[in-house]
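Got your viewer open and ready to go? Load the model below, and let's walk through it one selection at a time.

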Amino acid sequence: MTVLATTLHPGRLLGPEGAGGRPDLARHLATHGPLPAAELWGPNGRQWLLHEVQRSGLTGRGGAGFPTHLKLRTVYRDGAGYRDGARPTLIVNAMEGEPASAKDRALVGGAPHLVLDGADIVAAVLGASRILICVADDRRTMAAQLAEALAQRASGVPAQTAAHVDRTIVTLPGRYTAGEESALVASASGRPGVPAFRPDKSRPLTLGRRPVLVHNAETLANVALIARYGADWFRQLGAVEAPGTCLATVSGDVERAGVFEVETGTPISQIIGLAGELGTTQAVLVGGYGGSWLPAAGAATAYAPAALRRVGATMGAGVLVVLRAGACGLRETARIARFMAAESAGQCGPCLFGLPALADDLELLADGAASPDLWGRIVSRSALVTGRGACRHPDGVARLVSSALDVFAVDGHAHARGRPCPASHAPTVLQFSRPVDSGQGRR
Amino acid sequence: MKIAVDPAACDGFGFCAGILAGLVSLDEWGFPLLSQASVPDELRAAARQAVKCCPRRALLLSEDRRLTEDRPRRRRRAA
């Protein structure tokens, strides 16, 4: 995928020129100025920042959309904070395991110092002693850009926090589920990077004995903006329930696949218009590979949590994949299901066995193998895997599959009667981080 | 009393479905499905028995309204 196509309004994060090039601390400081030292590092700086983040309404940009200030409060302590041996760790999540997402790469390529500013600020608010910047081990460019940015800051940014903070770039195996926060913490501590079963998610994760907080890179970049320009400024753009801008990765049947910074609440049709639709759009995959298909008529929906919830979708990690009219949405869904089955961490039976079974079913449907009980089996198996994993991986696949049955229902019923659409063996428009064998070219 | 399965720990031995048949059935792959999260009074003894008999210690029981305890970490150190 072309990662770095970005001319955009309003360019808060990526700047008017968009992303690209090498990290440049001088340009960063010329654009944004230094962090407001008096407010941030003053006696009430921690409370002030926490309050600004709360007022800003910032929500996590990694996929779940959880309010950032609430997440901070799971680890934040008033007063003196933590004792020295128990100071928290902050993890910057730049794993970007979602194959159709390129936003973290675009952000790190275009504005690494905003991400690192945000990490420094949150580390100070939490009283953290350590920042781990986690990058997938096959993203060498990203790791190099971050390393160069860190090196520039070592000399170019005055010491900002009273307490010493270690900043380390960590490269970790980048499976789909590896970016899930408990999996990331496990991986960063040297254990297998698989999600943990957490009945109570309000309890902070721990690394050794220390509490650890995981924030997406884009979320932290927004914290850096809020610290400088304030909550009121931040709320001037975007949807009321999730203000600000977001980085959307548009791919599929478009002229210029890439990352676009848009206000939250921008209609989906307008966002994909930035990338230039190729032909007539049939459907849009929204959120990610564990997201939902929306029919072309749904593209008028605002890209914001409340409006998307009404049509059964979420913003997810900012992924939008355009599928043109005439393409086979069922085949594409089968490919995603097969990919997601292979990306399962393999811990939980319903995911380990259920996702391959669902992928099998979808391939049969895409092939047009007439079988009277196939449709019903896909519906019941989707329901069967939902809520039955330690993480939400199976839930996402089930949601995607259910939305495909809705959106591609007309095609689907023809397939189920043994009449697959002509495009059912056409090449995919999807991005995958590993080859997916899903009946493409199969007889 | 609430009951839950730790799906990451469960390996589908299925003893729970035998011991606690009123509450646990097995899906098509042999993994437990709970018909409800709260344990009726008459099934409490069976629920405790099922918890004890699980080879993976994957059944969680709580007298509380919520399952608040994290799972003890599985001893699975790299060789």
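This tour goes from confidence to the interface and then to the cores.

**Stop 1: colour by confidence.** Keep in mind that this is a predicted model. The predictor gives the complex as a whole a pTM of 0.90 and an ipTM of 0.84. Select chain A: its mean pLDDT is 89, with 93% of the residues scoring at least 70. Now pick residues 1–8 of chain A, where pLDDT stays under 50 and the model has 33 contacts beyond four places in sequence. Then jump to residues 439–443 of chain A, another stretch with pLDDT below 50, with 11 contacts beyond near neighbours in sequence.

Switch to chain B, which averages a pLDDT of 84, and where 78% of the residues reach 70 or more. Select residues 69–79 of chain B: here the pLDDT is below 50, and the stretch has 15 contacts in the model beyond near neighbours in sequence.

**Stop 2: the interface.** Show the residues of each chain that touch the other.

How many salt bridges cross the interface of chain B and chain A? There are 2 salt bridges. For one of them, zoom in on R388(A) and D27(B), whose closest N and O atoms are 2.9 Å apart.

**Stop 3: the cores.** Which residues have the most contacts inside the largest nonpolar core? Select Y289(A), W293(A), I378(A) and L20(B), which hold that place in a core of 66 residues.

Key
Residues numbered from 1 in each chain as written. Chains lettered and ligands numbered in written order. Predicted model: local features only at pLDDT ≥ 70, side-chain atom pairs only at ≥ 80, totals over all residues. Heavy atoms only, no water. Salt bridge = Lys/Arg side-chain N within 4 Å of Asp/Glu carboxyl O. Core = buried A, V, L, I, M, F, W, Y, C linked by side-chain atoms within 4.5 Å. Buried < 20%, exposed > 50% of the residue type's maximum accessible area, 1.4 Å probe, protein only. pLDDT = per-residue confidence, 0-100. Contact = heavy atoms within 4.5 Å.
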